[in-house]
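Here is a protein to get to know step by step. Please take a moment to look it over.

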Amino acid sequence: MEFMPFAHKFPELRTAETRWVMLCNDPVVPDDQYAFLDMYCTEPGCDCRRTLVHVLARKDARSPIATINFGWDCDAAYKRFTRLGFTAVEIKGPNLAIGFPQGPYAKDLLRVFENLIQDSDYVERIRRHYAMFKAAVDGRKPAPEDRGPGGGTWAKRNAPCPCGSGRKYKNCCG
């Protein structure tokens, strides 16, 4: 199963939709900005309902320093993977991705990601990205509810924010 960054299919959303975290004074992880880049399966027809997240440090963004697997759906959605040798624990929820090199701070960056996914808007963004990406892989248009405010793309940064704050998307969740 091959994975590709969301931004490769939707480069116009790269800046607005990449989750960045600035860590300062963390007891373990060096001070830096860290990008959490979501990647999705390129297999047509696959409905794995998960993402791989490469974590990159701004100071040295040449290669990921952690790769996190995140499955957001219920246990039943992942039972079919047990026949492939995976357990539901390896697929569902956040965990360090098996088979990917992990840097010395990978476990601590997993902790940061676990805090990020407490934000339901961020998890919804991942789900939306998954729907958009899989639609592109399968050669169909994403459903309007998967494309962002007003049925357009999230690149329409002047649209009202879908969170209901009344502010523009670019000044709120964007």
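## The model

This is a predicted model, where local features need pLDDT of at least 70, side-chain atom pairs count only at pLDDT 80 or more, and totals for chains, interfaces and linings use all residues. Residues are numbered from 1 along each chain as its sequence is written, and side-chain values use heavy atoms, leaving out hydrogens and water.

## The fold

You will find 6 helices and 6 strands in the protein, taken from DSSP runs (helices H or I, at least four residues; strands E, at least two) and numbered from the N terminus. Starting at the N terminus, their order is β-α-α-β-β-β-β-α-α-β-α-α.

## The core

Of the 174 residues, 43% count as buried, meaning under 20% relative accessible area with a 1.4 Å probe, protein chains only. The largest nonpolar core has 37 residues; such a core is a set of buried Ala, Val, Leu, Ile, Met, Phe, Trp, Tyr and Cys residues joined through side-chain atoms within 4.5 Å. Tyr34, Phe36 and Phe113 have the most contacts inside this core. Elements supplying at least two of its residues include β3 (32-41) and α5 (106-116), while α6 gives the largest share, 7 residues.

Leaving aside residues up to four places away in sequence, Phe113 touches Phe36, Val53, Ile68, Phe70, Pro94, Tyr122 and Ile126 (contact means heavy atoms within 4.5 Å).

Key:
Buried < 20%, exposed > 50% of the residue type's maximum accessible area, 1.4 Å probe, protein only.
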